[in-house]
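Please find below a short note on the model under review.

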Amino acid sequence: MNGKLEFIDILREKEKKYNRQHDFNAFEFTYKAEITTIHKLTQMENLYRVRIIDPEQGKQFSFQPGQFVMLELPGIGEAPFSISSSPLRHGDIELCIRKAGNLTNFLSRVERGTRVGLRGPFGTGFPMEKMEGQNILLIAGGLGLAPLRSAIAYVQANRSRFNTVDIIYGTKDPSQLLFAYQYDVWRADDITLSIIVEEPDTAWKGPAGLITKILEDLFRKKDKTFFKNTYAIVCGPPVMFKFVCTMLSQKDIPMQKMFVSLERRMHCGMGKCCRCNVGSTYTCLKGPVFDYWTVMNLKEAI
Amino acid sequence: MIFKVIKKEELKHLFDVLAAENRVVGPVEAGRDSNGRPIYAFDQVSDFNNICLDYTTTKISAKRYFLPYQEDLAGFRIDGKDWHKKINYNIESPYIFFGLHACDINALNKLDKVLLGSVYPMPYYAAKRKNMFIIGLDCIPQPYCFCRSMGADTALHGFDMFLTDMGGQYFAEILSDTAFNFLKNIKTAEPAYADRMRYIKIIAEKKRKFTVRVDTTDLANILDMEFQSDVWKQWGEKCLACGTCSQVCPTCYCYGVEETVNINFHEAKKTKMLYSCNLIDFAQVAGGHNFRLKRDARLKYRYYHKHRGFVEAYEESLCVGCGRCGEACLAEITVPAVISSVRGEES
């Protein structure tokens with residue numbers, strides 16, 4: 001009888017081929033992707049179109065509006081970004097990214113053709129199918145339009161399945177408006193778009209003020225049955241959630257029909273690093289999309 | 001379960017058999033503190049005489065062997081705009097842990113729940129955890145131990161073999177066939193009636209030696225109710241936000257990831273480093289917003305995660321009551337004191 005322990009290799013051959021949540025090799029599995037175009041949206045934000053290189057892997061990559069990916073530039077870093085594009089396009093996504101830190105500043109200087117790593121998709125999405133047959137309020141503040149754009153694309157693709165669709169969008173000033181080139185197309189698809197800026201410039205012809213002002217105007221035009229049959233999605237800075245969601249609650253929209261997307265620091269996206277915890281809930285697993293009832297029950301969420 | 005009794009002198013033989021072909025980690029005396037008391041640490045041992053089987057608690061848990069403070073997750077070869085990723089789970093051969101106390105075994109069991117669960121199991125941890133052979137060892141409750149309150153004073157699984165000191169011999173619980181086979185190398189005996197009764201008596205005596213306890217009744221709810229309590233501010237005032245508690249904790253697994261480029265620009269690596277939720281930038285996002293800017297918010301979060309969040313997810317606390325954090329804390333913040341104050345008990 002000897003005393004040597006046998007080495008156990010945790011990766012069995014058959015596991016190496018897949019990227020499933022419960023396989024060990026899913027943990028650091030990276031899709032290799034290429035930045036195919038970079039579209040400058042504002043001084044601070046670019047829209048990156050990123051395509052998974054292997055066509056088979058690309059097909060395998062499907063997501064729901066509201067979900068996020070971890071984008072990696074080897075040697076520079078990795079960070080979470082909401083997917084901004086239509087879920088109908090698999091493995092070929094768009095990410096609207098603001099220059100805010102090391103990775104995103106570096107990203108703003110790379111050329112198209114650069115290869116990046118993608119992990120995901122991670123987290124929860126907006127339950128678009130549940131919303132069918134209902135009115136939808138899509139409320140975005142600033143960069144909050146980035147995750148909403150995926151939901152908008154879903155609505156456009158399935159326009160006949162939804163009643164009235166309103167986008168309410170507010171930014172600091174007109175130069176920060178994102179996706180301005182798409183507004184006409186949204187309107188053509190019978191989506192009402194109301195935009196407000198906090199600090200108008202001389203050329204600005206629309207309303208000025210906070211996003212709640214537009215909501216007040218809009219709510220005046222709607223009756224009780226409207227709110228009874230309405231879902232709302234709210235994306236924006238934390239300070240906006242409270243005001244907007246309170247207003248929606250006052251109109252008796254059930255909290256479980258209001259969805260918000262939370263931003264947190266993330267280092268893994270898989271419920272391990274704990275950096276995204278709100279109270280003690282992992283934003284990467286149970287979020288980033290939460291219904292407002294859940295958010296109310298989380299400590300320190302908004 | 002299979003039970004055996006092992007004469008004390010036989011344990012050395014077992015060690016020699018195991019150490020001949022494996023890496024063995026055990027409690028050793030690493031130095032002395034200013035009062036001349038020994039400071040214990042887990043370290044690799046090749047000589048049985050260096051193992052301190054009567055150790056109290058190591059200052060730092062054994063986690064560097066399964067959750068290293070720093071670990072490369074992947075390496076990259078960079079070639080212009082393209083790159084190639086290489087993943088390494090960083091394990092070559094198994095480890096034998098000789099003499100882990102019940103709290104540290106329970107800590108592993110708790111870590112297993114989150115790191116080996118069905119959602120994204122962590123291969124870096126799994127590779128080490130599955131290549132561990134653990135010999136547990138009973139202990140003498142210290143003035144800072146509250147493992148009994150946390151239900152972690154007894155290990156029911158997560159080890160291969162557990163030894164209880166009965167004077168001239170050890171009472172052994174054998175949990176794995178690997179352990180059973182190893183024991184064929186030494187002389188063992190079936191426990192007689194007297195041995196079994198003596199074991200029961202020793203366990204009962206041990207239970208009576210605990211001096212500190214934490215009332216965990218309804219604790220998850222109480223933490224939720226008292227989220228805005230002023231006591232958090234008081235503890236926040238004391239806390240130095242140094243993160244020592246997390247570093248010595250056997251169950252803290254939070255981490256950060258950093259990527260670095262080699263000076264030749266052709267290689268890069270992705271490194272995982274254990275972190276602490278008490279450090280200031282733990283929840284700071286790009287652009288500068290910090291979701292937990294204040295020390296009390298971060299200290300509170302640590303308790304919230306351990307004693308509420310984990311309870312919600314797994315119906316048990318993430319704390320094993322080893323007391324290391326309180327012993328290591330420069331501001332003398334201890335778990336029993338914090339929890340008692342949140343419960344509104346007079347201190």
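1. Within chain B, 20 residues of domain 1 are in contact with 18 residues of domain 2. On the side of domain 1 of chain B that touches domain 2 of chain B, the residues comprise 10 nonpolar, 5 polar and 5 charged.

2. The structure is a predicted model, with an ipTM of 0.90 and a pTM of 0.93. For chain B the mean pLDDT is 94, and 100% of the residues of chain B reach 70 or more.

3. Between the chains, 46 residues of chain A are in contact with 55 residues of chain B. Two strands of chain A, β4 (77–82) and β6 (115–122), each supply at least two residues of the side of chain A that touches chain B. The most is given by β4(A), with 3 residues.

4. What is the division into nonpolar, polar and charged residues on the side of chain A that touches chain B? That side of chain A has 16 nonpolar, 19 polar and 11 charged residues.

Technical notes. Residues are numbered from 1 along each chain as its sequence is written. Chains are lettered from A and ligands numbered from 1 in the order in which they are written. This is a predicted model: local features need pLDDT of at least 70, side-chain atom pairs count only at pLDDT 80 or more; totals for chains, interfaces and linings use all residues. pLDDT is the predictor's confidence in each residue, from 0 to 100. Two residues are in contact if their C-beta atoms, placed from the backbone, lie within 7 Å. Ala, Val, Leu, Ile, Met, Phe, Trp, Tyr, Cys and Pro count as nonpolar, Asp, Glu, Lys and Arg as charged, and the others, Gly among them, as polar. Helices (H or I, at least four residues) and strands (E, at least two) are DSSP runs, numbered from the N terminus.
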